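Visitor: Please show me the structure and its sequence. I would like to ask about a few local details.

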Amino acid sequence: MHKLARLDRQYVWHPFTQMQDWDRREPIVLVRGKGAVLEDANGNKYLDGNASIWTNLHGHNHPRLNRAIERQLSKVAHTSALGLANEPASLLAEKLVKAAGRPLRKVFYSDDGSTALEVALKMAFEFARRTGRARSPRFLSLDGAYHGDTIGATSLGHIDLFHKTYGGLLFKTDKAMSPTCYRCPFNRAKPERADARTTRKCNWECVGKVEAQLRRRKYAAMVVEPRVQGAAGMVMHPDGWLRRVAKSVRESGALLIADEVMTGFGRAGKLFAGRKEKVTPDFLCLAKGLTGGYLPMGATLTSQSVFEAFLGEYEEFKTFFHGHSYTGNQLGAAAALASWELLNQPKAKKRRKAMENVLGRELNSLWSLSAVGDVRREGLVVGVELVADWKSRRAFPLKSQAGIRVCEAMTRRGVLTRPIGNVVPLLPPYCSTDAQLRRMVRALRESIVEVFGRERV
Ligand SMILES: Cc1ncc(COP(=O)(O)O)c(C=O)c1O
């Protein structure tokens, strides 16, 4: 075993990992990367099939990003944002606000996705109190919601496997129905394929459920992952759901918090996923791809009216008493600026569209496999749901580790991704070539065949 793997086993505790299983095989120790390819300490090469947990945009070791960080490093790496401004964070804030559109006018920086959500939560909570909407405001989030692992973000979460254990630590939030078409209880999901079971027309019962919930209480805000609920298993919302729900949230007087930590920066097709439905929230939470996947950084955008609720004379103590040591980190902001330039080049946008088409075509080959229930794609986010019976959509029990086994087989074929229960995600870096995209899907197909056998009958 490589020396670094031994050290890892001896000293490191990994996130979302059953460490008792960690000793079953030698850990992969990644030591370098170039584009969509990662290399381990033994010289094995892999495609980064989930963009290093949904963060990487333009590939690893990108010369433009490297140069931007090196240039910033030659000036200064980090200075505090408490009472001080800095160059890249100011330049970045202007770009984010101009792109996000009205009513978003201000940027509050933090460290990652979870802290971007914490900022939105605290601001929305206090805004609701200061404007007299509620004395002890509550939040509404979706079934299957995942917004991070800090206590506030965990409180918004509704995935029992992750969140139930900590129930006693969390504050109460309410859960609204998620529009999970594949498992729609009204049996009105669109057929995924011509030969899938026929379903009736959708009457938006799921929107009605959210509206009923909104009538029950004066919420400070509703929090949504626009268009794609990542950790729920790449659950993709039907066209029109977000627009309808955003309208109902506004009519109820609550604010809308969009968690675009995963979907932002072109990942779900548009620059921000909410754009697909012309929805601009009151809070936009960003992280992951913000720095192109190079450095940890979060940003929460909000409106002038929320900002103004925190203005006052010093002795009124209306200040937003919140911040982190690394808020507005200069290296992170410099990387984010370079990433922004790459992202918005016309040829990069065209390339992402072309990638979507290649992926879409390649994924069609998975439908014929008996263990594949659903193949979902939104932009460059793919979720392939493995099922015990594709006709009834019966799920594999989690303990059968269907997703884990398929992803292990993919690793043996040189493609890295990480399952979410029985769903295998693919989120290729934007620099992936057509051949690399094909290899990712081929590895997934061959792995499913290896673990579960072949065709639907
Ligand atoms: C939608 C969403 N929000 C928030 C988070 C938390 O982000 P972080 O892991 O950077 O704290 C994640 C992480 O996967 C996410 O997918």
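Predicted model: local features only at pLDDT ≥ 70, side-chain atom pairs only at ≥ 80, totals over all residues.

Visitor: How far is the side chain of D259 from a nitrogen atom of the ligand?
Guide: D259 belongs to the residues surrounding the ligand, which also include S114 and K288 (a heavy atom within 4 Å). A polar contact is a pair of N or O atoms within 3.5 Å. For an N or O atom in the D259 side chain and a ligand nitrogen, the distance is 2.6 Å.

Visitor: Which term describes how helix 13 and helix 14 lie to each other?
Guide: Helices are DSSP runs of H or I with at least four residues, numbered from the N terminus. The axes of helix 13 (residues 402–412) and helix 14 (residues 434–452) come within 8 Å and cross at roughly 125°. Angles under 35 degrees count as roughly parallel, over 145 as roughly antiparallel, 65 to 115 as roughly perpendicular and the rest as oblique. The pair is therefore oblique.

Visitor: What is omega for the cis peptide bond between R102 and P103?
Guide: Most peptide bonds are trans. P103 sits in the loop between helix 4 (87–100) and strand 4 (104–110); strands are DSSP runs of E with at least two residues. The cis bond joining R102 to P103 has an omega of about 5°.

Technical notes:
Residues numbered from 1 in each chain as written. Heavy atoms only, no water. Axes fitted to C-alpha atoms, helices over the stretch in contact; angles between N-to-C directions. Polar contact = N/O pair within 3.5 Å; in protein donor to acceptor, adjacent residues only side chain to side chain.
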